Amino acid sequence: ALSQVTLLLRVCFIILTLTSIGFLLDQRPKAAIMETLRCLMFLMLYRFGHLKPLVPSLSSAFEETPYLSSNSAI
């Protein structure tokens, strides 16, 4: 079962997706900004665990990778 917050965030994401598609099809000047916001919202929702990719193999693209320390040789 989904919590109310997760359900609300998913519904808002779907509405934003449909709005972004409409902006792209209408060739509105703010379509790129809307799509950028949609992508950022997806990454934020995924990061906080409200969304999961449908294909499990895609989850590695969103996982954090450890950064190289400043002492390691490149």
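Phe13 is buried, with a relative accessible area of 12% (buried is under 20% relative accessible area, exposed over 50% and partly exposed in between, using a 1.4 Å probe and protein chains only). This is a predicted model, where local features need pLDDT of at least 70, side-chain atom pairs count only at pLDDT 80 or more, and totals for chains, interfaces and linings use all residues. Residues are numbered from 1 along each chain as its sequence is written, and side-chain values use heavy atoms, with hydrogens and water left out.

**Helix 2**

- Helix 2 runs over residues 31-47, so 17 residues, and reaches 24 Å from first C-alpha to last, close to the 24 Å expected at 1.5 Å a residue (the expected span is 1.5 Å times one less than the number of residues). Helices here are DSSP runs of H or I with at least four residues, and strands are runs of E with at least two, numbered from the N terminus.
- Buried in helix 2 are Ala31, Met34, Arg38, Met41, Leu45 and Tyr46. They sit on the same side of the helix because they cover an arc of only 130° around the axis, the arc being that of the directions from the helix axis to the C-beta atoms.
- Part of the cover over the buried residues of helix 2 comes from helix 1 (4-26), with contact meaning heavy atoms within 4.5 Å.
- Just past the end of helix 2, Gly49 takes a positive phi of about 85°.

**Aromatics**

- There are two aromatic pairs in the structure. To pair, rings of Phe, Tyr and Trp (its six-membered ring) need centres within 6.5 Å; planes under 30 degrees apart count as stacked, over 60 as edge-to-face and the rest as tilted.
- Phe13 and Phe42 make a tilted pair, 6.1 Å centre to centre with 40° between the planes. Since Phe13 lies in helix 1 and Phe42 in helix 2, the pair ties together parts that are 29 residues apart in sequence.
- Phe42 is partly exposed at 22% relative accessible area. Phe42 also stacks with Tyr46, at 6.4 Å centre to centre and 25° between the planes.
- Phe42 and Tyr46 are four residues apart in helix 2, so about one helical turn separates them. Tyr46 counts as buried, at 18% relative accessibility.
- Put together, Phe13, Phe42 and Tyr46 form one aromatic cluster.
- Elsewhere, Arg28 lies over the face of Phe23, 4.8 Å from the ring centre. A charge sits over a ring if NZ of Lys or CZ of Arg is within 6 Å of the ring centre and within 35 degrees of the ring normal.

**Core and contacts**

- The largest nonpolar core has eight residues: Phe13, Leu16, Phe23, Ala31, Met34, Met41, Leu45 and Leu51. Such a core is a set of buried Ala, Val, Leu, Ile, Met, Phe, Trp, Tyr and Cys residues joined through side-chain atoms within 4.5 Å.
- Helix 2 gives the largest share of this core, four residues.
- Leu51 touches Arg10, Phe13, Phe42, Leu45 and Tyr46, leaving out residues up to four places away in sequence.
- Ser20 belongs to helix 1 and counts as buried, at 0% relative accessibility. Aside from neighbours within four places in sequence, Ser20 contacts Met34, Glu35 and Arg38.
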